[in-house]
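Biologist: Please take a close look at one part of this model, the protein surface around the RNA. What does the protein put there?

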Amino acid sequence: MGSLKGKGTLSHRHPSQAGAGFLAGQAPRCVDQANLDMNILQLLRERFAQALQNLGVEDPQRWAEHVVVAREERFGHYQANLAMPLARVLKRPPRQIAQQIVEHLPVQDICHQVEVAGPGFINLRLAVEFLQRQLLTLKNDPRLGVPQTAHPRTIVIDYSAPNVAKPMHVGHIRSTVLGDCLYRVLKFLGHRVIGDNHIGDWGTQFGMILFGYKHLRDPQRWEQAPVEELARLYRLVNQLITYHQKRQQLPQLEKQLVLAQEQLQQLQNQPEPASGPEAKKHRRHLRRLQAQVQELQAQVQQLQETLAQVENDPQLASLAQRWPNLEQLVLQETAKLHAGDEENRRLWEQFMPPCLEVLQRIYRRLGVQFDVTLGESFYHDRLPGVVQELLELGIAQESQGAVCVFLPDQQAPFVIRKSDGAFLYSTTDLATIQYRMERWAPDAILYVVDHRQSLHFQQLFATARLWAKRLQQLGRRSPLTKLLQTELTHVSFGTILGPDGKPFRTRAGDTVGLESLLEEAVEHALRIVSQNDEAKPHGPELSPEQRRRVAEAVGIGAIKYADLSHHRTSDYVFSYEKMMSTTGNTATYMQYAYARIRSILRRGQVDVQALRESPQEPMLEHPLEQQLAWTLLRFPEALEEVVQDYRPNLLTNYLFEDLATCFTAFYETCPVLQAPEGPTRYTRLVLCDLTAQVIRKGLELLGIEVVEQM
RNA sequence: GCCCCCGUAGCUCAACUGGAUAGAGCAGCGGACUUCUAAUCCGCAGGUUGCAGGUUCGAGUCCUGCCGGGGGUGCCA
């Protein structure tokens, strides 16, 4: 895998933590046109397309997309803002066009009111009868109105991707949780989805445990708990290597600090320009330098602390002294593994199963699954061939001893083989694309990886496309040529921050282990659950065992929901308090809402199955009932939006802002069990049951569990 | 230096891809519990969409230039 230098903390795909941003994919997205027959929006768009076609408008489908959910309640349920732009094309007044569309619009069975407003907005109000009919179908639909797509695509999702030799940490949450959610949603919509955990099982970190095993192993611990021992060895070797690196860095860093301080001093002594752009520049420069000095001071201090940790521990200090060139030794172990050294291969095979088991333990707890787990080692054999082929095709060339791909409009080359002959992350990723095309010929490959790797993916995608294109030009038959029709998207995401607004770390500057993080969340949840249970008006209802189960769902759910409810490209602050707040947009609130509804059905001894199977059409009298019915019917629309830009927070928005809010309003004003026996009570029970089902399904698609009672 | 991303209420997000008076939720303030689980609900307040131009019937959204923040940048992943 190469040098240990560099800034990574030696984790696969997710080296550490920081910043925000994302790179848009360039190929077609997972948008599906003629998809949802129970999707009201889709239905209306189709009707608009018909009307437009009759009016002789070109490309009616595209224009019909201007039909959207009404921006405000007073505009009705849906609105169409297409007459204005259409006016430019048809060269007629927009109001007139709107009027004409309305006259040709076949929506009598859907809407009870269609009106033209303002400069040419078309506002649509759904008919109560329509809502009632739809609700009747919906209430016994296990898919809750979400049809299977008519155009299934094959989609590979590359997510989680931890390093096997190293414990998972906070940096793995987002990729794992986001990827899992997208996996669930796409699958539910009827696509053929392949979840691939591209683990790091062949890199330097393995060299570390090989070295550790050979020289630092505690035989007794190894006998008793091999996995824990390997983790300990990894941490130990890593700590020693880091020590040496930092030892080397310190003088330089100190020099930098002095330099920056001098510069600052100098600038401060200079007379400040009176005004104008010069003064501005001066101030800006000053600010930057001040920030730099502060940053450097903090770094130096942290570095010294890290060094002291080793030096003040006699055992660690002696180990550090014993192997001053540990880095090289570890690299040698890695190189031997790659070269097929018998002993290292044997150890690798011995280590892998327990390492995978550790990962599996976390995935089980998180409820995350993969279809395949093909790590770096799996592609090992392909790497020389990939480089060879790219050289032959003239896509790559030798430069300064390394093999590089020089891409147009990019100053930095894409290095695919180092000057020492070793392969890189880039090589493996190319081989992985090749393999995925051979095996699945996917329509899309999604990489759920943090935003800092956007350049890498830009280069990777460009290189892979170049490769496919050249093969096609040469008329060679290769599964790779299909890549030209394949969507390649870097689903990037921002950083999880600590309370200080900096990447989430322990006080010592280490990353936080994922397992302890989950543990703490569940503990926190247990306190909340117990507190609530004890405060119930008729006394506690949950046994200790039940409380523990609920706490597990609440704690894990909170972490996931916090992640998924934020815009994926932005950073967010990790806080147990916030994520388990009982008010607001949290899993806890949604789970509670679910439990509450279930409690109603339980208390009323409602036969849910009979309720769902009843042929009786609900009767929506109260405006809030109608509102709730409509919101329930919009579930498919929400999922469609999620998939459009791979944004789960649009699902959480729907569940909380639209559905839960609407439900509680209904719940406050429309008594359910106390309503007189008959259509009203029946309808309200149906609404309750459906809300519960949609919440449950929605949370399930987010990878979050519900509980019947809490 | 160069490249990429971001900037909307104190905070977290919307605004359906150029449409109507920029909307929600937290937090803040004021109300409502012998409850269908108050882990709730109702109301109030909160904005020059970082700044300045431009494109047009119409800009938070598109273009240009600034300001501010983050990330990346030839052999880490």
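**The surface near the RNA**

Modeller: By class, the surface near RNA strand B holds 30 nonpolar, 30 polar and 20 charged residues. Near means that a residue has a heavy atom within 4 Å of the strand. Nonpolar covers Ala, Val, Leu, Ile, Met, Phe, Trp, Tyr, Cys and Pro; charged covers Asp, Glu, Lys and Arg; the others, Gly among them, are polar.

This is a predicted model, in which local features need pLDDT of at least 70, side-chain atom pairs count only at pLDDT 80 or more, and totals for chains, interfaces and linings use all residues. Residues are numbered from 1 along each chain as its sequence is written, chains are lettered from A and ligands numbered from 1 in the order in which they are written, and side-chain values use heavy atoms, with hydrogens and water left out.

Of the 80 residues around RNA strand B, Arg71, Lys418, Asn532, Tyr667 and Pro671 come nearest.

Several elements supply at least two residues each, among them strand S1 (67–69), helix H10 (276–311), helix H20 (587–603) and helix H24 (649–669). H20 gives the largest share, 8 residues. Helices (H or I, at least four residues) and strands (E, at least two) are DSSP runs, numbered from the N terminus.

Now the atom pairs. The side chain of Tyr592 has an N or O atom 2.5 Å from a sugar or linking oxygen of RNA strand B. For Asp645, a side-chain N or O atom is 2.8 Å from a base oxygen of RNA strand B. Asn649 places a polar side-chain atom 3.1 Å from a phosphate oxygen of RNA strand B.

Key: A polar contact is a pair of N or O atoms within 3.5 Å; within protein, one must be able to donate a hydrogen and the other to accept it, and residues adjacent in sequence count only if both atoms are side-chain atoms.
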